[in-house]
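Notes follow as I went along.

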Amino acid sequence: MFYNGDSKFEPGAVVCRIAPSFIRFGTFQLPSSRGPEQAPLVKKIMDYVIKHHYPQFVDDPNAYLKVLTEVSERTGKMIAMWQCVGFVHGVMNTDNMSILGLTIDYGPYDAGVMALALSNPALEVLRMDSCHGVSEKGMMALASGCKHLQCPLPVCPINSFGSLTMCTLAASCANSLESLDVSFCRLVTEAALGVVADACSKLECLKIFGCSQIGPKFLFGHSNKMLSRDGAIMGVGTHSA
């Protein structure tokens with residue numbers, strides 16, 4: 001079941017992330033933000049961390065300070081190593097920073113998508129669900145670099161996905177694009193969507209759930225007679241063939 005409510009069977013796999021611990025900076029930040037009454041919980045978590053991950057400080061009277069110093073140093077070294085190889089995290093916030101100085105919960109980012117487009121020009125299918133770190137710049141690079149894309153989307157909820165990417169898709173993937181899901185991408189205009197519908201003769205499936213900006217002007221203005229639509233258009237309804 002996806003964000004747009006669409007459920008279907010797909011080939012899949014079980015992905016298991018492993019790490020010595022998934023305790024993060026945010027594990028401490030959240031209770032701390034709730035006020036002094038949560039201080040006992042913060043202490044309890046820290047005592048657990050010391051016992052299981054920093055046992056060298058168990059009997060040290062300055063254990064809390066030393067753990068803070070150790071975590072800071074490990075994190076600094078980790079980020080320096082990222083920079084050495086040109087790695088960009090993508091979703092770097094306190095909820096995705098490990099108290100062990102490990103790389104966890106990183107997400108797609110413009111640099112990664114652009115590299116993917118450069119190294120895989122024959123790419124045909126790619127799901128972009130929930131790639132919050134990807135901007136329209138990254139999507140344009142993908143559309144222009146991978147000219148054989150058949151169904152590169154859904155992209156929801158990539159809120160920055162807009163008309164420039166749509167026009168790039170129309171120019172680069174006119175002979176390949178078969179399916180497009182721009183649900184909840186509210187920067188996509190009727191005009192840009194019409195350009196894609198007209199240019200991409202193989203485009204047969206369009207999903208526009210949550211796109212209240214798309215109206216009858218698009219529905220009755222494009223020339224693609226093969227296109228079917230899922231998603232409501234004001235005054236028209238949800239499904240159209």
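**Salt bridge notes**

I started with Lys-66, which forms a salt bridge with Asp-60, with 2.6 Å between the closest N and O atoms. My cut-off for a salt bridge is a side-chain nitrogen of Lys or Arg within 4 Å of a carboxyl oxygen of Asp or Glu. I then checked accessibility: Lys-66 comes out at 36% relative accessibility, so I put it down as partly exposed. That scale runs buried under 20% relative accessible area, exposed over 50%, partly exposed in between, with a 1.4 Å probe and protein chains only.

Some housekeeping: this is a predicted model, where local features need pLDDT of at least 70 and side-chain atom pairs count only at pLDDT 80 or more, while totals for chains, interfaces and linings use all residues. Residues are numbered from 1 along each chain as its sequence is written, and side-chain values use heavy atoms, with hydrogens and water left out.

How many salt bridges does a search of the whole structure find? I get three.

Next I looked at Lys-43, which pairs with Asp-47 at 3.0 Å between the closest N and O atoms. Both lie in helix H2 (residues 39-53), four residues apart, about one turn of the helix. Helices here are DSSP runs of H or I, at least four residues, numbered from the N terminus. Lys-43 is partly exposed at 44%, and Asp-47 is partly exposed at 31%.

Last entry: Glu-70 and Arg-74 meet in a salt bridge, 3.1 Å from N to O. I find both in helix H3 (residues 63-85), four residues apart, about one turn of the helix. Glu-70 is partly exposed at 23% relative accessibility, and Arg-74 is partly exposed at 29%.

Terms used. Helix = DSSP H or I, 4+ residues; strand = E, 2+ residues; numbered from the N terminus.
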